[in-house]
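Open the model in your viewer and get ready to select. We will go stop by stop.

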Amino acid sequence: MRIPTLCCLSLLLCACAAQVRDPAPAADAATPATVAPIDVPRIARPGGETAQWWFRSGAAAAAERGAMAGRAKNVILFVGDGMSLTTVAAARILAGQQAGGSGEEHRLGWEDFPHTALSRTYNTDMQTPDSAGTMTAMASGVKTRAGVIGLGQARPRGDCTGIEDNALLTVLELAESAGLATGIVTTTRITHATPAATYARSPDRDWESDGLVPAAARAAGCVDIARQLLDSRFGRGPDVVFGGGRKHFMTVDQADPEHADKRGLRRDGRDLVAEWRAKHPGGAYVWNRDQLAAARGRTPVLGLFEYDHMHFEHDRPRDPGEPSLAELTREAIGRLRSAGDGYVLLVEAGRIDHAHHFGNAHRALTDTIALAEAVDAAVELTSEDDTLVLVTADHAHTLTFAGYPARGNAILGKVRGTLGDADDASYAKDLTGLPYTTLGYANGPGYTGASDTQPAGPKHYRHKAHRASPSPGRPDLSTVDTTDPDYLQESVLPLVDETHGGDDVGIWARGPGAAAVRGNVEQHAIFHVMVQATPKLRRRLCAAGLCNSDGVPVDLPRPQDFAAGTP
């Protein structure tokens with residue numbers, strides 16, 4: 001029977017084609033030299049969108065770009081949470097200036113990767129997205145709603161009905177099912193939206209421990225995110241877990257080992273750290289750098305290095321027990337290389353996003369530089385011949401880079417120079433005669449009107465305000481040190497927190513299959529590039545009967561079909 005010709009996605013595919021879907025090939029079948037275009041049905045959007053439609057459209061985009069030619073053994077996905085293109089440009093300049101150069105010519109490590117693309121980040125219900133929906137897209141190959149983790153868009157946020165039918169399989173779970181080692185590294189709580197999207201399914205990203213799950217949701221069967229890390233249906237769970245968030249693993253009766261005045265948040269009496277240790281008698285639980293070093297060579301490993309989120313890179317030196325993101329990346333790769341025949345690793349610089357929300361460009365940029373150091377570490381430890389490395393962001397922010405500063409002007413400073421006269425060393429002035437900075441925010445806590453916590457004028461980290469008065473005018477920054485790490489760049493609109501941005505973000509790639517990273521893609525196609533470029537991953541899906549005649553995984557997998565013990 002011939003399937004009628006259907007128009008392919010105009011944003012993802014370059015042609016329309018018809019194709020009869022044949023039975024899936026054997027799991028060890030060789031990839032054909034060419035892959036036929038994959039039909040993606042025309043639908044009325046957004047009403048016609050389904051998880052299967054998203055999955056197939058992402059598969060089509062990756063295959064059309066040649067991802068099936070990849071022969072990756074390992075995959076590392078780096079996510080700079082909130083790392084907009086403006087953030088990358090400003091961090092590049094700051095890193096170059098810290099190294100003694102003018103900055104503009106500097107390159108962050110991933111900027112030397114040979115393949116690049118732009119990623120569209122919207123959620124199925126939001127123009128400007130959140131991290132739960134965006135990371136779910138990258139982790140599962142399916143776009144979904146804001147605030148929802150590991151579930152399709154069929155149910156609204158907070159709805160606990162139909163969890164099993166709406167659940168999405170993640171790339172880490174697929175990898176474990178295929179016999180690969182897996183790992184998660186983050187500077188946020190390990191239960192935060194981005195890392196959680198690799199192992200959990202929750203209708204609400206905020207349900208990180210049981211006390212945060214409403215009683216009605218618990219009664220309906222919803223389980224908190226921390227518990228899901230322990231109660232994995234996919235064997236023993238991730239081999240490496242590094243991040244923060246001890247509070248969601250300890251009971252309310254337990255004191256934190258580092259901060260004696262703090263207690264856990266769990267109300268169900270479950271000590272999840274103790275449970276993890278019992279489940280992994282040969283593994284290691286660590287919460288500081290010395291313990292991590294002492295446990296070298298032991299896998300699996302659970303490292304929870306802070307009660308809450310880990311420190312911003314700027315503040316981390318005040319806590320000598322907390323490893324850097326680059327250190328954790330090295331530790332993770334070392335363990336994963338010896339834990340199995342190939343691996344999939346997520347590394348998230350999660351606090352770039354938080355610094356932007358706080359309106360503090362300095363911390364956002366220094367955390368971006370820390371991510372670059374982690375990427376450099378990964379490049380040193382891996383081969384371009386067998387490891388696909390992707391660097392991207394989940395969404396953007398409202399950071400702006402404007403004015404006409406002269407070459408080499410301090411990126412965190414005030415604008416010096418005028419258009420057409422780069423030798424002018426004086427401050428540029430607005431129409432009221434006041435200097436201004438190169439970087440600013442469209443909204444957030446840097447608004448200069450008086451608030452309920454700081455007076456009118458420049459604001460400083462951390463500004464927690466819930467009320468603001470209209471600004472009488474811009475402050476005079478002539479004597480203000482805007483390069484101070486605690487200075488908050490001015491914002492146009494006063495908000496409690498600065499918001500995400502809806503603009504596209506970058507993808508940079510190297511290694512097997514990286515050539516498929518080009519053009520402008522929907523964010524969920526990143527999953528399909530990783531899977532199609534890694535033979536073990538795609539063969540596992542084909543063995544479940546989810547591939548077309550070319551061996552391209554095109555049908556949505558169900559997590560329950562890949563749980564431990566399933567064929």
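**Before you start**

This is a predicted model: local features need pLDDT of at least 70, side-chain atom pairs count only at pLDDT 80 or more, and totals for chains, interfaces and linings use all residues. Residues are numbered from 1 along each chain as its sequence is written, and side-chain values use heavy atoms, with hydrogens and water left out.

**Stop 1: the sheet**

Show the strands. Strands (E, at least two residues) and helices (H or I, at least four) are DSSP runs, numbered from the N terminus. Here 10 strands form an open sheet with mixed pairing. Follow the order β5-β6-β4-β3-β7-β1-β8-β16-β2-β17. Two strands pair if DSSP finds at least two bridges between them.

Now select β5 (284-286) and β17 (520-522). Both stand at the edges with a single partner strand, so one side of each has no neighbour in the sheet. On average, neighbouring strands are turned by 15° against each other, direction ignored. Axes are lines fitted to C-alpha atoms, for helices over the stretch in contact, and angles run from 0 to 180 degrees between N-to-C directions.

Next, select β4 (residues 240-244) and β6 (residues 301-304). They run parallel, joined by four bridges. Find Val240: Val301 in β6 stands opposite.

**Stop 2: two helices on the sheet**

Select α13 (residues 361-381). This helix packs on the sheet and touches β1 (74-80), β7 (343-349), β8 (387-393) and β16 (505-510). Contact means heavy atoms within 4.5 Å. The direction of α13 makes about 170° with that of β1.

Then select α14 (residues 525-532). Helix α14 also packs on the sheet, touching β1, β2 (115-120), β8, β16 and β17. Its direction makes about 175° with that of β8.

**Stop 3: the largest pocket**

A pocket is an open set of points on a 1 Å grid over the protein atoms alone, where a 1.4 Å probe fits, with protein on both sides within 12 Å along at least five of seven lines; lining residues have an atom within 4 Å of a point.

Which residues lie nearest the centre of the largest pocket? Select Tyr199, Arg201, Gln228, Asp231 and Arg233, from a lining of 24 residues.

**Stop 4**

Select Gly440, Arg474, Glu490, Ser491 and Val492. They lie nearest the centre of this pocket, which is lined by 18 residues. Finish on β11 (439-444). β11 gives the most to this lining, with four residues.
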